[in-house]
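Dear colleague,

I am handing over the structure we spoke about, and below it you will find my notes on what turned up when I went through it. Please read them with the coordinates open beside you.

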Amino acid sequence: MVVSNFQLNSLTVFPIRPDIRDLQSQLVNWRRRLHQYPELGFQEEMTAAFVCQTLTNLGIDYQAGVAKTGIVAIIDSPHPGPVLAIRADMDALPIQEENEVPYRSRHDGIMHACGHDGHTAIALGTAAYLSQHRENFRGTVKLLFQPAEESRSEEHTSELQSHSDLVCR
């Protein structure tokens, strides 16, 4: 028997906003496109180009080439306020994909086995929503598209840390 203090009636459930729900098919398309072309850490050239093109299409300012292949997108509200950072990993793993789906990895021996394709697609969806609703929040949102999250070398850590000023200002 499972005992829980959780009571469903204690939650306030809100319906998903139509403008967020309308992003679903785009999120699925972005995630599947990213899944087909996985890249290892600091080799995310195609991924970075895709993210940059998507941000450009959305009219969002960004800085590319952060820690080699990373990107920082900046969405300012017209209202002063705090800075919020949202991070999405972009790299894949050196694993052979065995899934038989139309959007399977096209890069032999590399796949998105940790969901970083989903992280990137969700961050792009968040960017799309926020860029269309700047009046509804205060401050600045910085979306950090991080390369090489799976890497643990000192060189990679140093490369990422060298760009912390972009996030913190």
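Helix α2 passes helix α4 in a right-handed crossing, and the two pack at an angle of about 145 degrees, with their axes 8 Å apart. On the α2 side the contact is built from L27, W30, R31, L34 and H35, and these meet D117, G118, T120, A121, I122, L124 and G125 in α4. Sorted by class, the residues of this contact are 6 nonpolar, 4 polar and 2 charged. Please bear in mind throughout that this is a predicted model.

Helix α2, which covers residues 24-36, also packs on α3, where the axes come within 10 Å and cross at roughly 160 degrees. Angles over 145 degrees count as roughly antiparallel, and α2 and α3 are therefore roughly antiparallel to each other. This crossing, too, is right-handed. The residues that meet are W30, R33 and L34 from α2 and M46, T47, F50 and T54 from α3, and they divide into 4 nonpolar, 2 polar and 1 charged.

The remaining pair in these notes is α3 with α4, that is, residues 45-57 with residues 116-132, whose axes lie 11 Å apart at an angle of about 15 degrees. Because angles under 35 degrees count as roughly parallel, α3 is described as roughly parallel to α4. Here again the crossing is right-handed. F50, V51, T54 and L55 of α3 make the contact together with T120, L124 and A127 of α4, and by class there are 5 nonpolar and 2 polar residues in this contact, with no charged ones.

Is T54 buried or exposed? Its relative accessibility is 8%, and since buried means under 20%, T54 counts as buried. Leaving aside the neighbours within four places in sequence, T54 is in contact with W30 and L124. W30 is one of the α2 residues that meet α3, while L124 is among the α4 residues in the contact with α3. T54 and L124 are 70 residues apart along the chain, yet their C-alpha atoms are separated by 7.7 Å.

Most residues other than glycine have a negative phi, and most peptide bonds are trans. F42, in the loop between α2 and α3, has a phi near 65 degrees, which is a positive value in a residue other than glycine. With a relative accessibility of 11%, F42 counts as buried. A148 is found in the loop between β4 (140-146) and α5 (154-161), and its phi is near 55 degrees, again a positive value in a residue other than glycine. A148 counts as buried as well, at 2% relative accessibility.

Finally, a word on the cysteines. How many disulfides does the count come to? It comes to 0, where a pair of cysteine sulfur atoms would have to lie within 2.5 Å to be counted.

Note on methods: Residues numbered from 1 in each chain as written. Predicted model: local features only at pLDDT ≥ 70, side-chain atom pairs only at ≥ 80, totals over all residues. Heavy atoms only, no water. Axes fitted to C-alpha atoms, helices over the stretch in contact; angles between N-to-C directions. Helix = DSSP H or I, 4+ residues; strand = E, 2+ residues; numbered from the N terminus. Parallel < 35°, antiparallel > 145°, perpendicular 65-115°, else oblique. Left-handed = near helix turned anticlockwise from the far one by under 90°. Contact = heavy atoms within 4.5 Å. Nonpolar A, V, L, I, M, F, W, Y, C, P; charged D, E, K, R; others polar. Buried < 20%, exposed > 50% of the residue type's maximum accessible area, 1.4 Å probe, protein only.
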